[in-house]
Amino acid sequence: VQLQASGGGLVQSGGSLRLSCVASGRIRSIDRMGWYRQAPGGQRELVATIDRAGVTNFADSVKGRFTISSTSVRSSVTLQMNSLEPEDTAVYYCNVLSYGMYYWGKGTQVTVSS
């Protein structure tokens, strides 16, 4: 399984970015897709996930600012990030859970300037 992420970049505080991730390879069924992030010197943390029933889960720090959506046919997940803050600066990783196995993308940098 390969995960290709795109959409990171540099944005000013209050701005928006959209991250997209497409899964390819031998995927029989995706149970959940989502995004995690890791700030410099910090641990990897959950940002948002969406399962195949469409149930979403968000970190408290992004609730009301980020939305997540997925397309099962294309095995893709999109994270729309609004009202970005400097604290959102991190490397963002796409994640897929399939048959108990976790798969990770390489990460895409998001930098929010104040």
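**One residue and what surrounds it**

Modeller: T108 counts as buried, at 13% relative accessibility. Buried means under 20% relative accessible area, exposed means over 50%, and partly exposed is in between (1.4 Å probe, protein chains only). Keep in mind that this is a predicted model: local features need pLDDT of at least 70, side-chain atom pairs count only at pLDDT 80 or more, and totals for chains, interfaces and linings use all residues. Residues are numbered from 1 along each chain as its sequence is written, and side-chain values use heavy atoms, with hydrogens and water left out.

T108 sits in strand β11. Strands here are DSSP runs of E, at least two residues long, numbered from the N terminus. The T108 side chain reaches the backbone nitrogen of G8 at 3.4 Å. That is a polar contact: a pair of N or O atoms within 3.5 Å, where within protein one must be able to donate a hydrogen and the other to accept it, and residues adjacent in sequence count only if both atoms are side-chain atoms. Contact in the wider sense means heavy atoms within 4.5 Å. By that rule T108 touches G8, L19, W35, A90, V91 and Y92, leaving aside neighbours within four places in sequence.

A nonpolar core is a set of buried Ala, Val, Leu, Ile, Met, Phe, Trp, Tyr and Cys residues joined through side-chain atoms within 4.5 Å. The largest one holds 27 residues, and W35, F66, L79, M81 and Y92 touch the most other members. Take F66 as an example. Beyond four places in sequence, F66 is in contact with R37, V47, F58, L79, Q80, M81, N82, L84, D88 and Y92.

Now β3, the strand that holds L19. In a regular strand the side chains alternate between the two faces of the sheet. In β3, L17, L19, C21 and A23 make up the covered face. R18, S20, V22 and S24 make up the uncovered one. Two strands pair if DSSP finds at least two bridges between them. β3 pairs with strand β1 (residues 2–6) in the antiparallel sense over 5 bridges. There, Q4 stands opposite V22. β3 and β8 also run antiparallel, joined by 6 bridges. L17 has M81 of β8 as its bridge partner.

S76 has a relative accessible area of 12%, so it is buried. Setting aside residues up to four places away in sequence, S76 touches C21, V22, M33, S69, S70 and T71.

C21 and C94 form it, with their sulfur atoms 2.1 Å apart. The torsion about the S-S bond is about -90 degrees, so the disulfide is left-handed. C21 lies in β3 and C94 in β9, so the pair ties together parts that are 73 residues apart in sequence. Both ends are buried: C21 has a relative accessible area of 0%, and C94 has 1%.

Side chains of opposite charge can pair when their charged atoms come close. A salt bridge is a side-chain nitrogen of Lys or Arg within 4 Å of a carboxyl oxygen of Asp or Glu. The count comes to 6. One joins D31 and R52 at 3.5 Å, N to O. D31 lies in the loop between β3 and β4, and R52 in the loop between β5 and β6 (56–58), so this pair ties together parts 21 residues apart in sequence. D31 is partly exposed at 22%, while R52 is exposed at 63%.

Another salt bridge joins R65 and E85, with the closest N and O atoms 4.0 Å apart. R65 lies in the loop between β6 and β7 and E85 in the loop between β8 and β9, so parts 20 residues apart in sequence are tied together. R65 is buried at 11%, and E85 is partly exposed at 33%. R65 and E85 belong to a network of salt bridges with R37, E45 and D88. R37 and D88 are also among the contacts of F66.

Conventions
Helix = DSSP H or I, 4+ residues; strand = E, 2+ residues; numbered from the N terminus. Disulfide = S-S within 2.5 Å.
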